[in-house]
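Hi,

Here is the structure I promised to pass along. Have a look at it first, and my notes follow below.

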Amino acid sequence: MVSAIYGQNATMFKDKNGTLHVSSKNFDLPFAINNIGVFQAISTAIKCIQTPCPLQHYRTGCEELLSTGGCTKCLSCPEWQYRFGCGGTSSGVCLDVTTCGVGQFQVQALTPTSDRICAPVTACKFSEFEAKSPTSSSDRFCLNMTTCSSSEFELRKATLTSDRFCAAVTTCTANQYAHAPTTTTDRQCIAVTTCNVTEFEAQSPTATTDRQCVPCSSLATLDCSDPSSRAAIVSCEVSEVTSVENCCCDEFFSLTRVTGDISVHSDETMLHFGTIEEVGGRISGRGPSRYRGQLQVVDFGHVSRVGGQIDLIRNRITRLQFGALTSVGGSISLMWNDLSSIDFNDMTYIYGSLSVSNNALSSINFNNISHIRNALDLNNNVLTSIKFGAITQIGHLLRLHSSRNSDAVSLDLSSNLLTSIDFGAITHISGSMWLNNNALASIDFDAITYIGGALRVWNNPSLAFINCNSLGSCLCHSSNTNYSNCPSPCTGTDWWHPNCA
């Protein structure tokens with residue numbers, strides 16, 4: 001009956017004083033039972049217990065026999081405590097109130113009958129910022145930081161309590177160049193410089209660099225392989241430059257004067273000078289050392305003077321026109337080409353050597369040339385006719401003859417097919433004269449009064465006699481050639497000085 005009334009776990013027992021108790025895990029009711037029936041006492045106690053009290057009250061007096069008890073207000077605890085367990089038949093106890101510590105906030109507020117509940121304040125991640133600060137009763141609120149796109153830059157940095165602010169990168173116009181943006185700076189757009197009428201564009205602008213303007217007065221070199229160099233000539237309307245590299249191009253043809261040197265590109269097939277009237281330096285168009293260049297035609301046109309050497313060695317030249325050229329300040333080197341004829345036109349003076357060896361010349365006419373200061377080299381051609389014209393001296397002032405060992409050669413006509421030779425007005429040859437390996441039957445020195453070096457006439461099978469007119473320092477001849485008024489035979493073991501005795 002006890003379990004039916006009080007619950008499954010309720011028990012009844014009598015203590016040592018004879019007092020009857022009804023007990024469970026939630027209550028213990030002592031009853032003093034004398035002559036009253038147990039059932040009546042228990043029923044009354046049950047009614048007392050089950051009668052509810054208002055909130056913040058608990059029932060008392062149910063332990064009194066046959067008493068329905070009464071409601072008693074829960075006692076207040078000190079402000080640092082709250083009452084726990086007050087209700088039913090229990091008055092509860094006072095427990096200390098929980099205080100939220102540093103890094104905590106109040107999740108549930110303190111009541112007279114329940115403790116305060118605290119929780120840890122949320123810590124924002126590295127990629128987050130604090131959108132709302134925590135309070136004593138609310139948590140910190142975090143949001144993800146904004147990530148700038150590839151077309152944006154960070155205008156304002158993120159902080160612990162504020163988001164990153166991104167702005168669009170500026171786009172430069174066609175007339176601007178840019179300093180590149182970074183993740184934290186905008187692109188800087190700067191107006192492209194415009195060259196004035198006295199300047200030329202030395203370097204074109206790019207998306208990240210300015211145009212480079214240089215005064216026209218500083219323009220010295222035309223490089224035909226460089227578009228910017230060519231454009232500068234046109235922009236500045238230049239008619240004179242100091243030098244020309246990698247010739248040729250239209251801008252070169254429009255010049256009137258080159259005060260220094262001209263270098264010809266090895267792939268050039270035709271060299272002409274357009275409106276140029278004077279070249280102050282040398283003209284270099286020598287073919288590569290291991291094979292010949294591509295140059296086939298050369299026309300000096302209006303050029304009247306070349307101040308330095310003309311070096312066109314090792315090419316494929318078949319046609320050469322000296323045009324208006326009257327003087328060359330250095331040597332003319334045309335060896336190892338394919339020349340079958342050459343016309344000197346109005347040329348009068350060569351201040352260096354003239355070397356046309358190893359070509360295909362069958363005849364040559366020097367026309368108006370009066371002086372060749374250094375050596376004349378025509379060996380290894382197929383010459384059958386040679387006219388010295390107005391030449392009076394070969395080698396005189398500048399003794400820069402083509403020399404091998406101690407023999408300075410001023411006139412080399414060896415290894416041709418000459419059957420006769422007319423020296424014309426030549427009076428002076430300061431070096432040697434080589435006439436060997438020809439088909440000469442006779443030699444008349446005409447007006448020549450001086451030959452400073454060796455006289456070589458050997459290997460001319462038809463030459464039976466020679467009168468040297470007391471010219472030359474020594475004579476080299478074949479055994480079938482008789483001679484008079486000649487110097488002593490040349491001696492030596494070197495092949496340039498064969499023993500002719």
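Which residue in β21 is the bridge partner of V241? That would be V258. Before going further, bear in mind that this is a predicted model.

Strand β21 (residues 257–258) runs parallel to β19, and two bridges link them. Both strands sit in an open sheet of ten strands, paired in parallel, with the order β19-β21-β24-β27-β30-β32-β35-β38-β41-β43. The edges are β19 (240–241) and β43 (450–451): each has a single partner strand, so one side of each has no neighbour in the sheet.

For the chain as a whole, I count four helices and 47 strands. It has 501 residues, and 38% of them count as buried. As for contacts between residues at least 6 apart in sequence, 24% join residues at least 24 apart.

Now the inside. The largest nonpolar core has 80 residues, and F252, F300, F366, F388 and F423 have the most contacts inside it. Elements that each supply at least two residues of this core include α3 (227–235), β20 (243–247), α4 (250–253) and β22 (262–264).

Leaving out residues up to four places away in sequence, F388 touches F366, I369, L376, I394, L411, L413, I421, D422, F423 and I426.

Cheers

Terms used:
Residues numbered from 1 in each chain as written. Predicted model: local features only at pLDDT ≥ 70, side-chain atom pairs only at ≥ 80, totals over all residues. Heavy atoms only, no water. Core = buried A, V, L, I, M, F, W, Y, C linked by side-chain atoms within 4.5 Å. Buried < 20%, exposed > 50% of the residue type's maximum accessible area, 1.4 Å probe, protein only. Contact = heavy atoms within 4.5 Å. Pairing = 2+ DSSP bridges.
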